[in-house]
Amino acid sequence: MKKYEADVVIIGGGSAGMAAAIEVKKAGLDVLIIERDYELGGILLQCIHVGFGLHEFGEELTGPQYAQKFINQVNELEIPYLLDTMVIEITQDKTVYAVNNKDGLIMVESKAIILAMGCRERTRGAINIPGFRPAGIFTAGQAQRFVNIEGYLPGKTFVILGSGDIGMIMARRLTWEGCEVKAVVEINPYVSGLIRNQVQCLEDFNIPLILGYTVTKIHGKEKIRGVTISKVDTNFDRIVGSDRFIECDALLLSVGLIPENELTLNAGAELSSNNGPVVDNNLESTIEGVFACGNVLQVHDLVDMVTAEAKRAGNLAIEYINERYGKEVKREKQIRCIAGDNVGYIKPDLINLSDISKETMFTFRVKYPDRRIQIQFRDKENNQLIYKKNKVYVIPSEMVEIKLNLEENQIDTGCQHLIIDVVPRPEVLIEEE
Amino acid sequence: MIYDVIIIGGGVTGCCIARTLSKYDLKIALLEKKADISMGTTKANSGVVHAGYAADRQYIKRHLSIHGNKLYTQAYRELNFPFQRIGSFVVAVEDSQIKDLEDERKKGIQDGVPNLELIFDKKRIKHMEPSLTDDAVAVLHAPTAGLVSPYELTFALAENAAMNGVKFFRSHEVVKIKHTDYTFTVRTFGDEFKCRNLINAAGLYSANISKMLGLDYFDIMPRKGEYILFDRNAMHLNKILFPIPTVVSKGILVCPTLHGNTFVGPNAQNITDTEDTSTTEAGLKEILEGARKLVPNLPLRASIRNFAGLRAVPDTHDFIIDNTDVYGFINVAGILSPGLTSCFAIAEKVKEFLELLGVVMKVKEDYNPIRPRPERFKDLSKEELDQKIQEDPTWGKIICRCEMIPEREILDAIHAPVGARTVDGIKFRCRPGMGRCDGGFCRPRVIEILSRELNINYEEVTKKGEDTNYLMCHTKDLLLNEIKRGEEAE
């Protein structure tokens, strides 16, 4: 068994893991990245389209270019990393067990852990599409890997279910390869990815976008030969008589991403409704000294936002090691944040009462699009509105970020639950933001 | 070369017969239509080893299943497939149903089903199975009922049979059979086999095979059963839960698997197409509604797959295990539930029939009944794992992250006797792709390994045989072809 020690061990060498590692190393602490693939970079490496880095670097980069900037920094700072290495267990005392084919079993003892494992795609099984189970059904990200990394086409005529960003980007990518994308079919009455992808990937290439429909049957016993799509009502139930058959030899699914937290769960940490770990305002999970950032915590719109969150996590881990590690500081009282009306989930899940004088970064997604709304933060115990903000519109594909100093907003220290609602704007005064 | 015995059909029945006969000094071959064994009815069923009280007394299947259940104990020791007697509940939710359960219990005990017990104590029921509905008024507990992984059992049987000399021919669909001079000539696409004795274990296709020899005394109809599978750890059940059975089936179960998943199903729908394993919107609704009667709180959000399997339903209502009018031809047909339970008993029966036909059963000197337990990453302690990786680095390369499967297990699945040739073959042997990501992570890696080990191109790697390749061509091939066509047109 090979043993390592590090102040901070980082699980995952993608955009989140590398950004966090760089922060920790710059502060002079020992850090180790554990990556399961054969190179650093994570999912960015198969995202060969442009659109990354506008916020972080002020220029438009491809995924591999964006990743390379961080890989270069990792190398310059001589941050150690293990490749082809799969973490199999995280224990409560922050020991990480992993395996690879060179060292065998690996044990890493650390003071803090940063979880940066990213997310996985929702599958056909998760949405229970009826029909046959032929070859030719792929998640969009899997198809992206086949095309961009392996160099193979998984079909010639495609239907894409779900208007997630990867689905729309693959629609364009496949069109460039000479494939035909018959349709992008979305169950919601609105696009679930970014507007810019709808314009640049679908509209610019005349790829039909069919809203309010879903795939209700898969045809073909051996190889897929088509799908039935049907219009759905507001409960997402199939409307009888609305069936349409579309011929295709491959079906891609772009029906959502789920933070990947089996390790987190097995370590004994609590997860929240978005399948990300429950974290406090320090991005610290319910296990002391275990932090989370990037898509393992919540699925972000842009990698730039992942980088920003990961830098915060890196600095919060440093702060933990310097100020709290080994001192048996008791966890103080916490306020629990609750996703209210039209809020899918909210991060952080908890706020330490002792931290309310600091600025807290709240992030959440709405469940459905709405216009002319008001975001409200309410103290449940005192039934008091402590903060409100008007917005012209909200859509599920755009994460809402709100920085807030709760003390300045005069939160009562008796507050135990903070409810976040997105509600129609009260028509008192008309004021645009 | 004339075989002593040819078996048509590589499901659990055919493979169990092959393994049972492999003990004796006989030349045996097994022909399977699909690209792999175990890919028909065997692949998609409930995987329940029944206690054996359910079928009517007039039927042979009752007696074969009661006996067959007992034979699992020794087979499990020899073949090392996943099997566990966790016990089953048949759940009465109305007082009027209790009498039926009491009748079942009495008759079951008379016929040799051990330890059947009718439980009325609600507290005790709830203690034994906390997830069960509060509506339960009584349960029939059968502690000898168990779970088996039907495909892993079948692979174990085939591996052991092959170790003992049985020849397996996959992708060999039988298209014609001739019987002259006490010899069968069995034609498949491209090949011809000769044998003295022919066993028809062709499942859904067994009536067709029988008709090739002019024997049309039975018919087989497919009856579809749909299932929904939930993620590992989504819920924990202690028992196999059955409702009160109906005429056509044992009803919709809520059942754990030996790999920690839970499934609900099957429904029962008579169809005509023997290849129609499609699931339906109505069917999936039906099984969820049925399952909720036993377990009201199903983990719907943790559903990871739906699938359907077909039962081979005979019009005789019973197993058809016959020495037929064609000398040397044995039908083993209509093996639906409790066929999996009965497989070892059925194989014994077939052996007896062959003896009646004059086949001499002389035990081979080098017969080895043991199929070693496949080594599994998740069974190893950390120290064992470390040791293994030092000896063989492929233990340290994880290919499937959901089920934690290292490359070694996949290589073993490929290089085992009657090894995997397809992505599904690997999935059912050692589980990559069985998990919650549905192969999203491991599939490209499994394709790479198959391509390398079988020395074939990526485009030739298939899901389940011919016409099921995942990849069509290299990127840019479509564009290059278009350019070429344009140039030719000019």
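Tutor: Asp301(A) and Arg365(A) are both buried, where buried means under 20% relative accessible area, exposed over 50%, and partly exposed in between (1.4 Å probe, protein chains only). Their side chains meet in a salt bridge, 2.6 Å from N to O. Asp301(A) sits in the loop between β20 (290–292) and α8 of chain A, while Arg365(A) belongs to strand β24 of chain A, so to speak a link between distant parts of the chain, 64 residues apart. Helices (H or I, at least four residues) and strands (E, at least two) here are DSSP runs, numbered from the N terminus.

Some ground rules before going on. This is a predicted model, where local features need pLDDT of at least 70 and side-chain atom pairs count only at pLDDT 80 or more, though totals for chains, interfaces and linings use all residues. Residues are numbered from 1 along each chain as its sequence is written, chains are lettered from A and ligands numbered from 1 in the order in which they are written, and side-chain values use heavy atoms, leaving out hydrogens and water.

By the rule used here (a side-chain nitrogen of Lys or Arg within 4 Å of a carboxyl oxygen of Asp or Glu), the count is 54 salt bridges over all chains. Chain B has one between Arg57(B) and Asp111(B), at 3.0 Å from N to O. Arg57(B) lies in the loop between β3 (48–49) and α2 (60–79) of chain B and Asp111(B) in the loop between α3 (98–110) and β6 (117–119), so the pair ties together parts 54 residues apart in sequence. Arg57(B), at 36% relative accessibility, is partly exposed, and Asp111(B) is partly exposed at 23%. Another bridge joins Lys126(B) to Asp134(B), with the closest N and O atoms 2.8 Å apart; Lys126(B) is partly exposed at 33%, whereas Asp134(B) is exposed at 56%.

The whole structure has 24 aromatic pairs over all chains, meaning rings of Phe, Tyr and Trp (its six-membered ring) with centres within 6.5 Å; planes under 30 degrees apart are stacked, over 60 edge-to-face, and the rest tilted. In Phe362(A) and Phe377(A) the centres are 4.9 Å apart and the planes at 75°, so this pair is edge-to-face. Phe362(A) is in strand β24 (residues 359–366) and Phe377(A) in strand β25 (residues 370–379), 15 residues apart. Both of these, Phe362(A) and Phe377(A), are buried. Over in chain B, Phe81(B) and Phe83(B) have ring centres 6.2 Å apart and planes at 50°, so that pair is tilted. Phe81(B) is buried at 1% and Phe83(B) at 9%. Ring pairs also gather Tyr72(B), Tyr76(B), Phe81(B), Phe83(B) and Phe344(B) into a cluster.

A nonpolar core is a set of buried Ala, Val, Leu, Ile, Met, Phe, Trp, Tyr and Cys residues joined through side-chain atoms within 4.5 Å. The largest has 63 residues, and those with the most contacts inside it include Ile10(A), Ile11(A) and Ile114(A). Helix α8 (residues 303–323) of chain A gives the most to this core, with nine residues. Apart from it lies another core of 56 residues, among them Met168(A), Met170(A), Ile399(B) and Ala420(B).

Now the two chains together. Taking contact as heavy atoms within 4.5 Å, 56 residues of chain B touch 55 residues of chain A. The area buried between chain B and chain A is about 4800 Å², with carbon and sulfur atoms giving 54%; buried area is the accessible area (1.4 Å probe) that two parts lose on being put together, summed over both. Eight salt bridges cross this interface. Arg436(B) and Glu262(A) meet in a salt bridge at 3.6 Å, N to O, and Arg436(B) and Glu262(A) also belong to a salt-bridge network with Arg36(A), Arg120(A), Glu260(A), Asp231(B) and Arg401(B). Finally, Lys382(B) lies over the face of Tyr97(A), at 4.2 Å from the ring centre; the rule is NZ of Lys or CZ of Arg within 6 Å of the ring centre and within 35 degrees of the ring normal.
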